[in-house]
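These are my notebook entries on two chains and the surfaces they share.

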Amino acid sequence: MAKSYQEINEKIARGEAVVVTAEEVIAIVKERGLKEAAQYVDVVTTATFGPMCSSGAFLNFGHADPPIRMGQITINGVEAYGGLAAVDTYLGATQPSQDKGIEYGGAHVISDLIAGKAVHLLAKSQGTDCYPRKEIDTWVKLEDLNEAYLFNPRNVYQNYNAAINGSSERLYTYMGILQPNMGNITYSTAGELSPLLNDPLLKTIGMGTRIFFGGAQGHVSWMGTQFNSACPRDEKGYPQTPGATLALIGNMKEMNPKYIRGAVYEGYGTSMFVGVGIPIPILNEEMMAFVAVENKDLYTNVIDYSVPKKAKPSLKKVSYAELRSGAVDINGKIIKTSPLSSLKMAREIADELGNWIKKGQFFLQEPIQSFPQGNAIKGLEIKEGESR
Amino acid sequence: MTKKILLSFPQKAAGQPMAMELIKTYHLDFSILKAFIDDNIKGTLLLEIKGSEADIEAGIVYLREHQIGVRDIESVVEVDQAKCVSCGACTAVCAVDALEMTADWSLVHHDDKCLECMLCVKACPMRAIHAII
Ligand code: SF4
Ligand code: SF4
């Protein structure tokens, strides 16, 4: 028997919805079978907490008197974009600061703002007839701003590579530090708890889906950049390589600094740990089958990051159960594996989102538009000479 | 008395037999807790030594005279729990599993295993690991 979004939301309103995490649901399906489990469970919560570089914030400072049309802008020494209207800006998470470099970047400013700290705003302008001020030097807090929202163009990757280093030099990457001579493997996903691996064909996740975003209720605003729904899949539809991505939006003023944190990858740059939770409505048995997926059935490739090309070779296809076991056998060599995203925090987020739903504080939003299937990503061709 | 010391040799492995010899001449009992030799790093040896205070002191002076670095060790690195998110990135570089994920995927640091290689300090994206010495 199928359920509708409305029926599930009515159950949430009555405080009767059965909500479990994507890890807990596995045992329920084994015990009760697909059909009964699909009737019993209403919502399955998924979550992830890991580094997501393609993130940033839109901020509006309000007008000073006399007003300024902000051109060159820095916040705590980190440059923000000056090409929007007078007092609007976009602060990118990976922008390094002018004095501290990658140790303090845009992501750190964003988490400081969410933590309620005052930040140092400096802006310059040519001065115009309507905006005569040429300089501003002040301190602002999140509560002083008109609007402040995260708009992250690419978050919650559906599956991602595991990384290894086949060279004889240590590598410093966004996949962490990779020891020489295939010394270790790193991977970054919540596996069976990961949002987009629980709805591999994005049947319930689309534009408008309400989510847990940095501790606030946010939304999926668009398909993420490099959205690769044309990726190779297994017979059930689960991606075998990086697949779909999401663009997310949410109000910084409602966020919690615990779930949005600045991060530094040595020799690489600043990034931002973003906490995201997505509820999957169990509309039918098909959705129940999708969310019952286990780490042993989810696969990714161990990619050699020492190859300085876009297409890096895969040394082995491995399951997340193997990666989570702490070691993987590659050509007879036992290699240690380490996670990069926090499963502990992801579990906390999945539980927190579950509590919101159980308490009737969070309702499901049916997508107002689905994302395309078969969408492949393009590379960038280098063309010589004049424009053609 | 018992003391934990960390020896470091300028070139890989070269100083190791010499260190053993010197310790023997000073009647020190010792056990090798960890030996760590990496192509990129100097050789290091973590020892627990037992003997009279005078003998230990004299032995250490002797080692230092032979260009072997000697340091007393308790716990070299400290994890700031308020900053740690248990991501696991630091465990990637810890060659002796002094940093490990527990069964519930929290990070744990085993003081006794640590070799003070300091690699984890830079590997932590939250900058939650501090070197004490
Ligand atoms: S890398 Fe840092 S934040 Fe991550 S588990 Fe280790 S100490 Fe904690
Ligand atoms: S300093 Fe860090 S990486 Fe090195 S042995 Fe100690 S805990 Fe492991």
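Domain bounds, as I use them here, come from an automatic or database domain assignment. For chain B that assignment gives domain 1 (2–72) and domain 2 (77–131). I noted that the model is a predicted one, in which local features need pLDDT of at least 70, side-chain atom pairs count only at pLDDT 80 or more, and totals for chains, interfaces and linings use all residues. Residues are numbered from 1 along each chain as its sequence is written, chains are lettered from A and ligands numbered from 1 in the order in which they are written, and side-chain values use heavy atoms, with hydrogens and water left out.

**Entry: between the domains of chain B.** I looked up the contact (heavy atoms within 4.5 Å) and found that six residues of domain 1 of chain B and eight residues of domain 2 of chain B take part. The two domains bury about 710 Å² between them, 71% of it from carbon and sulfur atoms; buried area is the accessible area (1.4 Å probe) that two parts lose on being put together, summed over both. I then searched this interface for salt bridges (a side-chain nitrogen of Lys or Arg within 4 Å of a carboxyl oxygen of Asp or Glu), and the rule finds zero. On the domain 1 side of chain B, strand S1 (2–9) and strand S2 (29–36) each supply at least two residues, strands being DSSP runs of E, at least two residues long, and helices runs of H or I, at least four, both numbered from the N terminus.

**Entry: between chain B and chain A.** Here 26 residues of chain B are in contact with 27 residues of chain A, and the buried area is about 2100 Å², 52% of it on carbon and sulfur atoms. The rule finds four salt bridges across this interface. I looked up the one in which the side chains of Asp97(B) and Lys336(A) meet, with 3.0 Å from N to O. Helix H3 (residues 119–123) of chain B gives the largest share of the chain B side, three residues.

Entry: Tyr26(B) lies in the loop between helix H1 (16–25) and S2 of chain B and Tyr62(B) in helix H2 (residues 53–65) of chain B, so the pair ties together parts that are 36 residues apart in sequence.
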